[in-house]
Amino acid sequence: MAVSFELTEDQVELQKWVHEFAADVVRPAAAEYDEREAFPWPVLQEAAKIGLYSLDFFATQWFDESGLGIPIAMEELFWGDAGIGLAIVGTTLAAASVRANGTDEQVGRWVPGMFGTEAEPKVAAFCSSEPDAGSDVGAMRTRAVLDERNGEWVLTGTKTWATNGGIADVHVVTAVVDPELGARGHASFVVPPGTPGISQGQKFLKHGIRASHTAEVVLDDCRIPGDCLLGGREKLDERLARAREGVKSGRTQPSMATFERTRPAVGAQAVGVARAAYEYALEYAKQRVQFGRPIIENQAIAFALADMKTSIDAARLLVWRAAWMASTGRQFTAAEGSMSKLVAGETAVRVTEQAMQILGGNGYTRDYPVERMARDAKIYTIFEGTSEIQRLVIARSISGVQIR
């Protein structure tokens, strides 16, 4: 079968539609919400009005047979601004967790309410990381204990770095149900709206993506119904029994199952940030005159821009490959999902820093957007698996050795 990189008419229309929203609504608001470090509820409302922030939109793109719907939308939205972009798509991480770990009934019950309505949009939060358990999910301490008297689960602990944590209507929480089994003794739970015992802890003041709300989530004897256990009690008991017998179930740890589904999408976000900085630097270099000519006529500048463009296109191709593989059910035998996130994240950091360099002193000021883009880009080598963790995953995949 012939290989083609040409987008379909529907994909081109999607690209144009999201790009227009990013250009007309997101970019004009970007500097304000970055400076205020406030969640952009009015922008989210506008996204809901046109159907961009909705379960229908994300589900339609998620089930695109080519796998490219989500990456295309993410790149264009984050070309507008990463902080506001993450505020708009942050809910999808919680939705992906329910889809990855829950039953069909649970998906239908919980995911639609995560987005709210056009008139009253809501957000959801995925809570996995802890103060002592980031990349090392085996160090998780948040406990979920079953109260046999009434079938309720009691959650106790503190989650950190939770996007939308505390302001979310629905929280999805990963917790330890059997400490002796390490990471294989974890399970995921939905904490419904208005549940007593869950509260927002510290809100983090961040280097970048400052329009996205990031906070601690405190669980203090938080009681939830038994049917809030994702996947159900029977499957959990079967999985724990196999783990105690030392049998590998083939099922990925709940947090990792979520991240596996989202890494190509995160890579696409990074590509969008990098492309925005590259395009701004390119136009600036054409217009900025020094020593009697535009600075783009200097090889140092022109070659830097050539490298930036090449790196962005290479990162995009890795993202598209990983998204296509996931959509068509192909196995990531060489950790292709991690490859896409690793290369795209590091490309975003390198390209945005080079854009600042091309702008010189102007690039270091908040009067020009590349300064914000450079701050935003750094998160892509940190969250949803640091660059070091991505390299570890890739190295284990290609070697078959349990590298530490």
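1. How much area do domain 1 and domain 2 bury between them, and what percentage of it lies on carbon and sulfur atoms? The two domains bury about 2,100 Å², with 60% of it on carbon and sulfur atoms, where buried area is the accessible area (1.4 Å probe) that two parts lose on being put together, summed over both.

2. This is a predicted model, in which local features need pLDDT of at least 70 and side-chain atom pairs count only at pLDDT 80 or more, while totals for chains, interfaces and linings use all residues. Residues are numbered from 1 along each chain as its sequence is written, and side-chain values use heavy atoms, with hydrogens and water left out.

3. The chain is assigned domain 1 (9-121), domain 2 (124-245) and domain 3 (254-399), with bounds that come from an automatic or database domain assignment. Between domain 1 and domain 2 the C-alpha centres are 24 Å apart, and the contact (heavy atoms within 4.5 Å) takes 27 residues from domain 1 and 27 residues from domain 2. On the domain 1 side, Glu37, Gln106 and Trp110 lose the most area to domain 2, together 29% of what that side buries.

4. Three salt bridges cross the interface of domain 1 and domain 2, a salt bridge being a side-chain nitrogen of Lys or Arg within 4 Å of a carboxyl oxygen of Asp or Glu. Glutamate 37, which is among the residues that lose the most area, forms a salt bridge with arginine 210 (3.1 Å, N to O).

5. Helix 4 (residues 69-80) packs against helix 10 (residues 299-327) at an angle of about 145°, and their axes are 9 Å apart; axes are lines fitted to C-alpha atoms, for helices over the stretch in contact, and angles run from 0 to 180 degrees between N-to-C directions. Helices are DSSP runs (H or I, at least four residues), numbered from the N terminus. Pro71, Ile72 and Glu75 of helix 4 meet Arg316, Val319, Trp320 and Ala323 of helix 10.

6. The whole structure holds 25 salt bridges.

Definitions and conventions: Helices (H or I, at least four residues) and strands (E, at least two) are DSSP runs, numbered from the N terminus.
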